[in-house]
Amino acid sequence: MPDIELKNIRNYVFNGLNMEIFDKELLVVIGPNGAGKSTLLNIIAGLVEYEGSVLFDGVSVNRMLTDKRRVGYLFQNLALFPHLDVASNIGYGPAVNGSRRESIAKRVDELLRLMKIEHLRNRYPKNLSGGERQRVALARSLAVSPQVLLLDEPFSSLDTGMCSCIMQEIKRIQKKLGITTVLVTHDMAEAKEMGDRIVAINGGEIHEVADFQRMYRYDPDDLPHLQNCTGCAIDCYCKG
Amino acid sequence: MRTKSMRLFVTFGNGSKRNDLLCHNPFIWNKIKSLRNILDGLIPIIIFILIWECIVRLHIVPEYIFPSFSAVMREFYHLTVNGVLLNNLASSLFRVLAGFLLGSVAGIMMGTVMGCRQIINRSFNPIFSLLYPIPTLGWAPLLMIWIGINEILPIILIFLCSFFPVLYNTITGIRSVDSDVIKAAKTLGASDRKILTSVILPLAVPNIFTGLRLEAGMAWRVVIAAEMVAIPTGIGALLIRSESLLRVDIIIVCLMVLSVMCLVFERFFQYIETKMTKEWR
């Protein structure tokens with residue numbers, strides 16, 4: 001899985017953003033609404049225009065269109081295909097990439113098992129609960145064996161119980177598959193639960209990068225930007 | 001099978017057993033419900049026909065002005081047997097199918113291009129916005145001069161009648177597809193063409209079919225009007241000939257046929273739409 005580098009990224013949100021996401025890590029990007037978190041994911045996926053360079057393992061992917069970047073993207077609203085059943089949703093990626101029918105079926109079975117949703121195979125998205133939809137969307141984004149997994153506030157629509165269950169699931173799968181993952185959230189508790197490393201972002205600028213354990217030990221006064229950026233949540237976590 | 005039906009018959013005599021049977025057999029329950037719905041719709045029609053028949057039989061209105069339902073049905077039978085009705089219906093049907101098919105296909109294709117490409121939408125939208133409000137029959141005099149009074153005239157009129165609504169409904173359908181769904185397809189590796197055929201068009205189907213369904217009935221209204229004005233064959237022509245002969249019974253037959261054809265066309269598209277989308281809508 002690649003190391004991702006963003007060099008001097010400029011667009012309508014960012015003004016010279018530089019950051020690095022390490023191989024196989026789960027990086028959490030935290031910040032308030034409008035901070036540029038989703039735009040950051042869209043830049044990595046190639047879904048928005050930008051200047052500067054995005055490098056996967058040192059190789060520029062600037063000229064690479066989204067469909068060639070092999071990125072798994074879990075959208076905030078999940079964006080499942082409503083006209084396809086669960087199996088077809090998951091098999092969509094391999095199908096459009098020209099995989100053979102047998103290998104698509106095999107991959108779908110594998111992911112249904114991994115997500116523990118075999119029983120939902122023939123259901124349509126409208127007949128799924130929030131947690132089930134989440135699992136299907138995650139399975140769909142993993143179906144193309146992505147180099148990078150981008151998760152845009154994946155827990156925002158879930159209740160607390162389901163949220164922590166899906167968090168564990170995503171963490172388990174991320175570790176198992178060793179995919180470089182970027183998770184965007186505005187919730188410090190989620191960041192704490194999920195992240196290997198945390199980036200705090202606000203107004204299109206990086207205000208702090210830290211691994212959570214380091215941050216946890218700091219006095220909040222040492223992290224004024226991060227505190228401003230994420231509000232009282234970071235305050236109490238930093239104080240421990 | 002026989003035993004089962006006999007059991008059904010027998011248990012219908014007993015209230016509680018009947019209720020048990022109905023409650024526990026959704027198939028029978030649904031059948032009875034749909035039969036009840038049909039009856040609910042049929043009863044007013046039957047009452048209307050009875051009143052109609054009585055009014056004429058009681059000589060409240062003269063029969064040459066308002067023939068009885070039975071007289072209309074007799075004329076329907078004669079027109080069907082001697083082939084007049086079927087020949088004229090076939091002429092009208094051909095025109096409707098040809099014009100509607102061409103108009104719909106052109107509307108869907110143009111709507112797809114305009115819905116997907118902003119620049120083409122910006123270029124064509126002003127001209128289509130100017131042409132769309134013109135009533136279809138308003139084109140008839142112009143088309144009579146340009147192409148003459150022939151078989152092409154009603155086909156082009158129906159083409160115009162179907163094209164614009166299908167076009168705008170297709171554009172609306174395509175525009176209403178969630179942009180995140182399109183982005184999701186992109187991140188999964190789908191090309192623009194694949195996204196169009198596998199995501200955008202299937203999701204635009206309900207809107208496209210709304211246009212098709214509404215215009216399927218309208219196409220029949222337009223063809224009748226065109227045949228009444230300009231074309232010597234078809235249901236519209238039969239209508240206008242009957243008017244000149246004061247044959248009210250034939251006029252009513254033609255109107256009934258027109259009504260049924262409009263309904264059949266609209267229901268056909270409704271059926272196809274339901275078939276295509278009922279699983280996921």
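Mentor: A word on conventions: residues are numbered from 1 along each chain as its sequence is written, while chains are lettered from A and ligands numbered from 1 in the order in which they are written. As the model is predicted, local features need pLDDT of at least 70 and side-chain atom pairs count only at pLDDT 80 or more, whereas totals for chains, interfaces and linings use all residues.

Trainee: What makes β1 and β4 of chain A a pair?

Mentor: Two strands pair if DSSP finds at least two bridges between them. Strand β1 (residues 4–10) and strand β4 (residues 51–56) of chain A are joined by five bridges and run antiparallel. You can look at A:Ile4, which stands opposite A:Phe56 in β4(A), and at A:Glu5, whose bridge partner there is A:Leu55.

Trainee: How many bridges hold β4(A) and β5(A)?

Mentor: Two bridges, in the antiparallel sense, and the definition asks for at least two. A:Phe56 has A:Val59 in β5(A) as its bridge partner. These strands form a hairpin with two residues between them, and A:Asp57 in the turn has a positive phi of about 55°.

Trainee: Which strands of chain A make up the open sheet?

Mentor: The order is β2-β1-β4-β5, with antiparallel pairing. β2 (15–21) and β5 (59–60) stand at the edges with a single partner strand each, so one side of each is left without a neighbour in the sheet.

Trainee: Why is A:Leu78 called buried?

Mentor: A residue is buried if 20 or more other C-beta atoms lie within 10 Å of its own, exposed if 12 or fewer, and partly exposed in between, with C-beta atoms placed from the backbone. A:Leu78 has 23 within 10 Å, so it is buried. This residue lies in the loop between β6 (71–74) and α2 (86–96) of chain A, and its phi is near 70°, a positive value in a residue other than glycine.

Trainee: Why does A:Ser145 count as partly exposed?

Mentor: A:Ser145 has 13 C-beta neighbours inside 10 Å, so it counts as partly exposed. Look for A:Ser145 in the loop between α4 (130–142) and β7 (148–152) of chain A; its phi is positive too, at about 45°, although it is not a glycine.

Trainee: On to chain B: how do you know how α8(B) runs relative to α10(B)?

Mentor: The axes of α8 (residues 152–175) and α10 (residues 192–229) of chain B come within 8 Å and cross at roughly 155°. Angles under 35 degrees count as roughly parallel, over 145 as roughly antiparallel, 65 to 115 as roughly perpendicular and the rest as oblique. That makes α8(B) roughly antiparallel to α10(B). Axes here are lines fitted to C-alpha atoms, for helices over the stretch in contact, with angles from 0 to 180 degrees between N-to-C directions.

Trainee: What is the secondary structure of chain B as a whole?

Mentor: Chain B has 12 helices and zero strands.

Key: Helices (H or I, at least four residues) and strands (E, at least two) are DSSP runs, numbered from the N terminus.
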